[in-house]
Amino acid sequence: MDGFTIENGVLTHYTGEEKHVIVPDGVTEIGEYAFFMCENLEVLEICEGVEKICENAVSDCENLKKVIIPASIKDMELAFYECKGIEEVELREGLAEISQSTFWYCGDLKKVIFPKSLKKIGDFAFGGCSALESINLPEGLEEICDSAFEDCWELTSVTFPKSLKTIGYGAFHGCPLEEVVIPSGVEKIGATPFFASGNKKLTVYCGAEEKPEGWNVNWDVYDGLIFKKRFKPVWGFNPSK
């Protein structure tokens, strides 16, 4: 296949010049720096059957704007680290987990298509994605891990699904959120998930009548010279009313 070097199912290198690249059938792993300095690459479509995308598999592809991820992926930790030109990510239906640090510091990322099958968003998965402005998380999602959206400096709106059970430590650290609605089914919240948001008018509406066991004692504070209350939660909130 033109431009592809594949060894025992591992795509080790791509030297083609296509703008839209579709990874060939039969590939199960994409190796480190497989797509390195592919200057013409604009859209990367990874085929069903690929289970692992290695660290820095895609690097220094300055014109890459869109990535399509299949349901078969099980591990893509740091796969797109600092791919600053990516603007859109499409995660195909069937994908259950986004690995930690997958899109860490993808500074131009503006649009993410989440599948309904998604259960978990890993640590720092979208950390530093400073162009994200709004996210609508899918029903079925159960866990947002530590610092998953840390330092998304333009993120002012997030919609949590009723299925959500866990919000990790610093999950939205540095995000200027204006309003948050936490569903009543959330069982665990780590420390300061909305720390240093920069928005002093943040309002948090909670579906639960009072703070459940498992919510960290500091979930609703920010850190200054001393801990101070950042906002007062609105308990027993029902968005249907």
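**Surface, fold and one buried serine**

The accessible surface of the protein chain (Shrake-Rupley method, 1.4 Å probe; for residues, only the protein chains shown count as cover) is about 11800 Å², and carbon and sulfur atoms hold 45% of that. This is a predicted model, in which local features need pLDDT of at least 70 and side-chain atom pairs pLDDT 80 or more, while totals for chains, interfaces and linings use all residues. Residues are numbered from 1 along each chain as its sequence is written, and side-chain values use heavy atoms, without hydrogens and water.

Visitor: How many helices and strands does the protein chain have?
Guide: Helices (H or I, at least four residues) and strands (E, at least two) are DSSP runs numbered from the N terminus. By that count the protein chain has 0 helices and 22 strands.

Visitor: Is Ser163 buried or exposed?
Guide: Ser163 is in the loop between strand 16 (157-159) and strand 17 (166-167). Buried means under 20% relative accessible area, exposed over 50%, and partly exposed in between (1.4 Å probe, protein chains only). Ser163 has 19% relative accessibility, so it counts as buried.

Visitor: Which backbone nitrogen does the side chain of Ser163 reach?
Guide: Leaving out residues up to four places away in sequence, Ser163 touches Pro138, Glu139, Gly140, Leu141 and Glu142, where contact means heavy atoms within 4.5 Å. At 2.7 Å, its side chain reaches the backbone nitrogen of Gly140.

Visitor: What does Phe36 count as by relative accessibility?
Guide: Phe36 lies in strand 5 (residues 35-36). Because its relative accessibility is 33%, Phe36 counts as partly exposed.

Note on methods: Polar contact = N/O pair within 3.5 Å; in protein donor to acceptor, adjacent residues only side chain to side chain.
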